[in-house]
Structure formats: C-alpha cells, structure tokens
Amino acid sequence: MTDATTDTGSNRMLGGTATEKTIHTTTSITTVRNTSGAHIELRDVNKVYADQSVAAVENFSMNVEPGELIMFVGPSGCGKTTTMKMINRIIEPTSGTITIDGRDVLSLNPNELRRHIGYVIQQIGLFPHMSIAENIAVVPKLLGWSKEKTRNRVDELLSVVQLDPREFADRYPKQLSGGQQQRVGVARALAADPPVMLMDEPFGATDPITREKLQLEFLRLQESIGKTIIFVTHDFDEAVRLGDRIAVLSEKSKIEQFDTPENILASPANAYVASFIGRGAALKRLGLITVGDAELGRASDARGDASVDEGDSLRDALDLLMLTGLPAIAVTATGGRTVASISVAQVSAALGAGAAALDAPAAGERS
Amino acid sequence: MTGFDLSGLLAFWAKRHDDILSLIGEHLLVVAIALLLATIVGVGVGLLVWNRPVGRSLAVTSAAVVLTIPSLALLAAMIPLFGLGWTPTLIGLTLYSLLPIIRNTVVGLREVSPAIMESAKGMGMSPPTVLLRIQLPMAWPVIVTGVRVAAQLTIGIAAIGAYVGGPGLGQMIFQGLSSLGSKNALNFALTGTLGVIVLALIVDGLFTIITKYTTSKGLRA
C-alpha cells in the first residue's frame, strides 16, 4: 500500500517548497488505486469547551492507514464532527496529539495545514460570487500555482466529477442543482491533490436518489485516488456502503467499535452498536458480499430465466430468488454465459462462512 | 408675491442656462466627492469593526447621532472651524453619508453564512483573505445600496450647503428666498428645487447601473 506517492503527499504538508511536487501527483487521479493518502494518528485527543463542564471529546485515539476511507458514525451531538474538525484545526484540541505522516498538526501554521487537507461540508459552502472554475481554483491560487496549471487542473477535476468543463466552468453555483453543487464541492476539495480529505455529511442534504448516485461516484473516485478520508455521517447504511472501516461513536466521541463494515455487521461489539445497526443486519451484510464469493451450485441446477451476475451482491441474488420463488437461479459471468447457480441455502451459507472467516481479524483490530 | 408664469420660467431658463448647468455640475461634483470620501472611510470603518461588538455599536451609533443634527445647524457649526465655501459643505455631506455606508457595510459583511465562512477557513484562507476575497465581494451589493441611500440624502442636503457659501443648486434656492417679491424670485427657487429633484432621479438611475456592473453575476437575482 505504501509507495513513493505517499512521501510526496507528506512533503506537501511542509507548504512553501512543496508546490512543485504536486505537479506530477495530479496525474495520479487517472492511475489505479495509488495511495496518495497520508497516515493519520490521533492520540488521547480531548476537547473541553470553556463554558461546559463535560468534555465534547474524551481521550480519542485512532490510527488511520494511508488510503483508508474511515467513517465516523454516531448520533447527533456525539462529538464525531468535533473530532473530525480537530484534524484541520477548525476546532483546536484541548489536549492530545494529532499527526499526519508523523508531522504534528498542532505545530504547523493552521492555514498552511488546511491548504493540504481537502474539506467538504454538508452545506457545501461554494462561494456564490465566484464561477465554478474560480471556486475550484481557490486553493491552487492560495498555493501560487500558475494560471495555466490551475486551468488545466480545473478542467481535469470537472471531468473527474462528471461535469463537462466547457459547460460548467463559467457558470455560477446558483445555476447548478444540489447534486451538481456537491460534485463541485468535492472537486474543489481535491484541487491541490491533498493527501487527506475531511468530509462532514457531504451528501446529507441531497435527495435519496441523488445521494446514492453521488455515493457510487464517490466510491469509484476514491478507488482511483486513494486518499485518506475521514467521513462523518449519521446514516449507518451510508457508512456500510462507503467505508473501509467504520468507527461507531457514542457520547464524548467514545469509540464503541472500530472495524470493517462486514465485521461490525457480523459481530457488533455491544448492545449500543447493535442498536445502531438496527434491524436487517444480515441483509445489510449480504449487500457487501458478491455472488462470486459464495459457494455456488452447478449451472444445471438453475431454473427459469432469471439470472444474476457474478459481480452483483448476494442481496440482489436473494431479492431475485424471493421474487421468482425459484429454488435456484442462474449465475452469469461477464458476457452473459451461465457458469453456476445459486439457491437461498447457498446465500445463507455464505453469510455463515463469511462471519466465521471474518471473526478472526476482528478481535485484533477492535479498539 | 408674483404668481407662477410658465413662459416666464422658460424664458428664465433660456437666459440663464449656462448658470444653471454650471450649478448642476458643482452640485454633482460636491456630492460625488463627499460620497467618495464617505465610501472610503465608511467601508474602511466597517471592515475594521464588523466583528467587534463594542467598536461596531460605537461606529454605528456615532454615525447615527451625526444624522440627527439638523443640517443647517451642522453646517453653521463648521463655519468657525473651516470658514465658508466648499470645505464645510464637503465635510458636512461626508459626515451625513457615513451612517448608511458604515451600517450597510457591517450588515453585509456579517450576512455571509457560517457555512461559507467555514469552508473558506477550511480551505486555508487567513481571516484578512476571507474578509477581502469572500465577504467584501459578497457584501458589495448591500454596500452599494448604502452609498445609494447616502447619495439621495446628500443631494438634498447639499442644497443647504449654499447657506455656508457652498456650491450647487442651493445658491439658486437661497437667492430666490432672499429676493422674495422680485420678478424672478419664484423662478430661482423653483429652478433650484426642480434641479435637485431631477438630479436625485438621475443619480438613482446611475446607481442601478453601477450596482449591475460591479456585482458578480453569481450574486444577481
């Protein structure tokens, strides 16, 4: 996971001399899963507001590997946003240390630091008086990039978030739909190719259909850019869909469980986590396992015309089984050729096998 | 007192159009200079105090107090300090313009939503950069509206400036008032008054254009 680009990311944290370094990393957006992300460590971080007797965040410690997408999930007011905002010092910690690639965040100039951390908030906060291109160019401008380099980067990013630069670069935020604005928000945060991204319920204000579309796009994007991302949400399903690991938080940002979505769904650490998952944990887990990963039956066992692709989730397979009422349906490989069949029993077995296989590392990783 | 005579008035205009035009020019000039000074001072003060509760109320309140002083009294009070002529008029008009400009600057800067302030900060802008590159441009239409109100105010008050020997259409009004009963008294007063009204309308239209061309397309309704 760690390669040369990680170093580039960390060097840019130094600020001034670093602008040159970003030139070649901007191309990384088209490469496959590089980890341009940085390592983040929070140790014994506390936040106590002067006018409150109870801590907002108490002894928070966490290690985030480069390129990981970490979800902070918890009810409103649990301190998840406060914890995230201490990483770019929008909120100053009362005590504790936060390091990014070994560099103490609290010793850096806060403005310099923030130029190398992408930041997306729920309200997006696009600047209404600036065109879309100008909005995306804000951080490159602060970093003193040349006009040409900035313009190329703006066009590149608009394409990345699936907005045609010729159509959108000169528009203003109010001329865009909510979903389009949110894409621009993500593009703007990515502008200087920061190793770390902080996202505070970025898709929270969009309608369910747009949200799901944005989530899928975002997953695809992260696949290619491999940033280290802290993503705050109160929507557990969103956390399951997006996260490499999920931190389930309770009052004072206490970590109840910190693990992969599979492990949390398969074995919630306590009643609090279980209540947060809600009903249908097994169905949620099925959504994370692909048909190809299950133990499948012979192709000749398949009945009827219905079929699922190997890449589809077991949840899709079960859905189809229920809908058709067939004992088993066909599984197709790319190209549509039937290679196997799947039955309800096999779906169920995959769940048990998955849970058993995932149990072992789960114990070690839990914080 | 003589009655109104339209042909007399038209003849008066034909005979004195050079005088009238130069007085209109003077009137416009003194208002323009006062507004320029007040905009520089008012926006400057606004930028300094918008986020300081004590400074803010001090600035807005003192500008409001100035506005409550009757113009005639304020102008007369300045004679011992600045003598007669342009100077007291200019200073008086600048003082009167400050309230709408300071108040609108402060309101405009404070109106920028917390989300926009936070995203600007989160992108690594220093507070002065946020103020000048985000808040000021966003507040600009509100600030221009303040200047526009100040313009309407000062075009009227400038007429009183003639009382302290100031320039502009007020000279005609005062000349008419001081020669009541004479043939042209009404024509003088009427021309000065009409001139002020027409000027106010033209300047207001001018501000519509100024607002349009100095405000970002993204902020226009």
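For chain A, the mean pLDDT is 85, and 86% of the residues score at least 70. Residues 1–33 of chain A, by contrast, have a pLDDT below 50, although this stretch has 59 contacts in the model beyond near neighbours in sequence. Where pLDDT is low, the predicted coordinates should not be read in detail.

Chain A contains 16 helices and 13 strands. Of its 367 residues, 45% count as buried. Among the contacts in chain A with a separation of 6 or more, 69% are between residues 24 or more positions apart.

An open sheet of 4 strands is found in chain A, with the order S2-S1-S4-S5 and antiparallel pairing. Strand S1 (residues 40–47) of chain A is joined to S2(A) by 5 bridges, and the two run antiparallel. Within the sheet, A:Glu41 is placed opposite A:Asn63 of S2(A). Helix H3 (residues 80–87) of chain A lies across S1, S2 and strand S4 (95–100) of that chain, and its direction makes an angle of about 120° with S1(A).

Further along chain A, helix H15 (residues 314–324) has buried residues at A:Leu314, A:Ala317, A:Leu318 and A:Leu321. Viewed down the axis of H15(A), its buried residues fall within an arc of 95°, so they line one face of the helix. An α-helix has 3.6 residues a turn, so residues three or four places apart point the same way. Just after H15(A), A:Gly325 adopts a positive phi of about 75°.

Chain B has 8 helices and 0 strands, and its elements run α-α-α-α-α-α-α-α from the N terminus on. The C-alpha trace of chain B spans about 70 × 40 × 25 Å along its principal axes. Of the 221 residues in chain B, 39% are buried. Contacts between residues at least 24 apart make up 76% of those in chain B that join residues at least 6 apart in sequence.

In chain B, B:Phe174 belongs to helix H7 (residues 170–178). With 18 other C-beta atoms within 10 Å, B:Phe174 is partly exposed. Its contacts, leaving aside neighbours within four places in sequence, are with B:Ala162 and B:Tyr163. The C-alpha atoms of B:Phe174 and B:Phe188 are separated by 8.3 Å, the two residues being 14 residues apart along the chain.

Between the chains, 21 residues of chain A are in contact with 17 residues of chain B. On the side of chain A that touches chain B, the elements giving two or more residues are helix H4 (110–114), strand S6 (117–121) and helix H6 (138–142) of chain A. The residues on this side of chain A comprise 11 nonpolar, 6 polar and 4 charged.

How values were computed
Residues are numbered from 1 along each chain as its sequence is written. Chains are lettered from A and ligands numbered from 1 in the order in which they are written. This is a predicted model: local features need pLDDT of at least 70, side-chain atom pairs count only at pLDDT 80 or more; totals for chains, interfaces and linings use all residues. A residue is buried if 20 or more other C-beta atoms lie within 10 Å of its own, exposed if 12 or fewer, and partly exposed in between; C-beta atoms are placed from the backbone. Two residues are in contact if their C-beta atoms, placed from the backbone, lie within 7 Å. pLDDT is the predictor's confidence in each residue, from 0 to 100. Two strands pair if DSSP finds at least two bridges between them. Axes are lines fitted to C-alpha atoms, for helices over the stretch in contact, and angles run from 0 to 180 degrees between N-to-C directions. The arc is that of the directions from the helix axis to the C-beta atoms. Ala, Val, Leu, Ile, Met, Phe, Trp, Tyr, Cys and Pro count as nonpolar, Asp, Glu, Lys and Arg as charged, and the others, Gly among them, as polar.
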